[in-house]
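This report looks at model confidence, aromatic pairing and a surface patch.

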Amino acid sequence: MRKFASFIAIILAASFSLLIAQPASASQDFPGAKDEKRKWLSHLDEWYTEYGVPQQQEQALLEKIRSGGVVESDKAGSSPVTTELRSTTNQDVTVKRFSDGSITVSTIERPRTESDAPEVTPMFVGQCQGYSGGSGYSVNYDCLIQEANSTVDLAFRATYTHTSGYDQINDAWGAYYLSYYGNITNPELTIPRRNEVWNGGAYAQLKVRYNSANGAGSQGWVLRLWVQNNTAFTNLVKEG
C-alpha cells in the first residue's frame with residue numbers, strides 16, 4: 001500500500017500525454033506510448049513479485065501483456081483458484097490467484113483503536129481515521145477501500161456502520177483511479193444501496209471507463225464495497 005501514492009505522478013503524466021496525443025490508428029501507439037508501457041510493465045513486475053507470483057509465471061504474464069493479451073485476472077467471469085487473506089494491524093489484504101498466476105489484490109483498512117496515535121498526511125493512506133461503538137453498533141470512519149489488477153487500480157474512502165440489525169454505508173468519497181497503460185474516463189462514485197436489506201448488503205461503487213493507450217479498445221470496471229452481516233469486503237468487476 002505504501003506504493004499507492006508513489007505511482008500518481010507517473011499516471012498523471014501518462015494521462016496528460018493521452019490528452020494531447022491520439023493514436024494514428026487502432027494498431028499504432030501514440031508518441032511516447034512505448035515509454036509509458038515500459039513504466040507500466042516495470043510496475044507490474046514489482047507488483048507481481050511483491051505478492052509472491054512465481055518468477056516463471058510472472059515472466060509469462062508480462063510477455064502476454066506486452067504482446068496485447070489479457071491475463072485471467074482481467075477477464076470477465078474468471079474465477080480465482082485460491083484466495084489468501086493477509087491481515088495486519090492496519091488492514092485486511094485479500095489476494096486472489098488465477099490459473100495463469102495473475103492476481104487481484106483488495107484492501108480494506110481496519111479502524112484504529114483509541115490508543116493509536118493519530119496520523120495526518122496528504123492523501124492519507126494508513127489506518128481508518130477512527131472508530132466508535134456502543135451497545136449493538138460500531139462505526140468505522142474514513143477507511144480506504146481499494147482493489148487492483150494488471151489493468152487498473154481503483155480506490156475510494158468510506159465510513160460504514162455495523163449494527164445488531166442491518167448494516168449501512170454512511171458515506172463514500174475521495175475516488176482514486178489509476179491506469180497503467182491508458183487513461184480512465186467517466187469516474188462515478190455512488191452509494192446505490194445505503195442500507196443492508198434482508199437479501200443483500202449495502203454497497204458503494206466506483207465505476208470507471210478504461211481506454212487502452214494504443215487505441216485497442218475500452219472497457220468498464222467497477223469497484224464495490226459491500227457491508228453486510230457485520231463484515232465488509234470488496235470486489236472488482238469488469239463490465240462491457
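## Aromatic pairs

Rings of Phe, Tyr and Trp (its six-membered ring) pair if their centres lie within 6.5 Å, and a pair counts as stacked with planes under 30 degrees apart, as edge-to-face over 60 and as tilted for the rest. By this rule the predicted model holds three aromatic pairs. In one of them, the tilted pair of Trp 47 and Tyr 48, the centres are 5.6 Å apart and the planes form an angle of 40 degrees.

Trp 47 and Tyr 48 are both buried, a term for under 20% relative accessible area, with exposed meaning over 50% and partly exposed the range in between (1.4 Å probe, protein chains only). Together with Tyr 51, Trp 47 and Tyr 48 make up one aromatic cluster.

## Confidence and conventions

This is a predicted model, in which local features need pLDDT of at least 70 and side-chain atom pairs count only at pLDDT 80 or more, whereas totals for chains, interfaces and linings use all residues. Residues are numbered from 1 along each chain as its sequence is written, and side-chain values use heavy atoms, with hydrogens and water left out.

The protein chain has an average pLDDT (the predictor's confidence in each residue, from 0 to 100) of 78, and 76% of the residues score at least 70. Over residues 1–32 the pLDDT is below 50, and this stretch has 44 contacts (heavy atoms within 4.5 Å) beyond near neighbours in sequence. Residues 113–126 also have a pLDDT below 50, with 14 contacts beyond near neighbours in sequence. Where pLDDT is low, the predicted coordinates should not be read in detail.

## The partly exposed Tyr 166

Tyr 166 counts as partly exposed because its relative accessibility is 48%.
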